[in-house]
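Please keep the sequence and the coordinates at hand while reading.

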Amino acid sequence: MIKKMILLVLALLPILLFAQEDEQTLAGSLTLYDSHSSQPFLINSDGGWMEIRQIYKEDFNSIKPPFPGTIRKWRVKTTYIDESGQNGQSTLQVKLRQHDAQGPVFTLPWTENASRWQEKSSNWFIPYDGFGVILKENAMLSVRLIAPPRSAAPGKIYKIELEAWDFLKDPEDFNTKIPGHQMAFSSPSELMNPINQFRSSDSMKAKDEAIRFSLDFVQSNIEGNLPTFYKSLSDNLKVLETGLSQSRYRVAPPATDLSGYTLSEYKRNYRYHIYKYDDYAELFPQWFEEGRRWSPDRNCYLFLGTEVLPGQVDFMKGENLVFMVSQEQGSWKIIALPE
């Protein structure tokens, strides 16, 4: 009888120990990339997503399944150097891209004035799979360095480690489909040439209207047309980075005399594009994190027009070429600008 009780206690010991933890336990980890401090992986914010190596689903066999009564969450710990050395925010994203399924994207916390050694953990990723499986097939490990528009930031990656954690279940976990993310802000060149996808005639019409309105706003900047400039701004104008409100009359008017230029010259010197919800939701995940006062919806479009074409002149540097537009009571308006 005593022997049976001892065996029972030993069998329950892992669960009892787990119950004494502060709601979470590290279930296992997997090194996705390690340069061994000799040959770091070189990245640049202008390069968009860059592939490092293939990850095999069999590599995850060493990580035990979640304990009963827990929920599996994943994150990456990354050691890297951001060499931008500039004012503004920057961060790093890590993606496990699968062939037939959307892989997880991990975003590290943003940093100010980087140019230093970074050892940081990403946001949590909660698999849709109830068993906590993060990969159903082999995946490609990709990374992307994120920096403010008009800035090319180089960097070096030394190590990427994936961690699996088990958390005691909370009622809110059952309603959570997308975990909280840290800030990401960029204009990588790969997004300047989006893949053509099928769109309904209504969505294509709305996008065309958004482009026309955005270019009209750019033209008001070039011409110094202040009445049109301020009329284009929403009464409920927001700050893109924070979601906080700002007064449209506190927005600085065009600061440069561009009377010698035209909208046609802007089009010849810059590449511009309007991005729909699905495009900018991946690029700027913090715009949708819990607790934010305002987040864009599917009726909003992001205008990004800062990329100077090869050999052309950046004559609108510092002007309003990044903004979000949407319709308000049947009229298009600028609803958000960078801080």
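The sections below treat the sheet, one of its residues, and then the aromatic rings.

## Model and sheet

The model is predicted. Strands of a sheet pair through backbone hydrogen bonds, either parallel or antiparallel. Here, 5 strands make up an open sheet with mixed pairing, and their order is S11-S15-S14-S13-S12. Strand S11 (233-239) and strand S12 (270-275) stand at the edges with a single partner strand each, so one side of each has no neighbour in the sheet. On average, neighbouring strands of this sheet are turned by 25° against each other, direction ignored.

Strand S14 (residues 322-328) and strand S15 (residues 331-337) run antiparallel and are joined by 5 bridges. Glu-328 has Ser-331, in S15, as its bridge partner.

Leu-304 is 33 residues from Arg-271 in sequence, and the C-alpha atoms of the two are 8.6 Å apart in space.

## Aromatic pairs

A pair of aromatic rings is described by the distance of the centres and the angle of the planes. The whole structure holds 19 aromatic pairs. For Tyr-33 and Phe-41, the ring centres are 6.4 Å apart and the planes stand at 75°, so this pair is edge-to-face. Tyr-33 is buried, at 13% relative accessibility, and Phe-41 is also buried, at 17%.

Tyr-280 and Phe-288 form a stacked pair, with 6.5 Å from centre to centre and 10° between the planes. Planes count as stacked when they are under 30 degrees apart. Tyr-280 is buried, with a relative accessible area of 1%, whereas Phe-288 is partly exposed, with 27%.

## Cluster and charge over a ring

Which residues form one aromatic cluster? The members are Phe-217, Phe-229, Tyr-230, Tyr-261, Tyr-266, Tyr-270, Tyr-272, Phe-303, Phe-315 and Phe-323.

Another ring contact involves a charged side chain: Lys-73 lies over the face of Phe-167, at 4.4 Å from the ring centre. The limit for such a contact is 6 Å from NZ of Lys to the ring centre.

Key
Residues are numbered from 1 along each chain as its sequence is written. This is a predicted model: local features need pLDDT of at least 70, side-chain atom pairs count only at pLDDT 80 or more; totals for chains, interfaces and linings use all residues. Side-chain values use heavy atoms; hydrogens and water are left out. Two strands pair if DSSP finds at least two bridges between them. Helices (H or I, at least four residues) and strands (E, at least two) are DSSP runs, numbered from the N terminus. Axes are lines fitted to C-alpha atoms, for helices over the stretch in contact, and angles run from 0 to 180 degrees between N-to-C directions. Rings of Phe, Tyr and Trp (its six-membered ring) pair if their centres lie within 6.5 Å; planes under 30 degrees apart count as stacked, over 60 as edge-to-face and the rest as tilted. Buried means under 20% relative accessible area, exposed over 50%, partly exposed in between (1.4 Å probe, protein chains only). A charge sits over a ring if NZ of Lys or CZ of Arg is within 6 Å of the ring centre and within 35 degrees of the ring normal.
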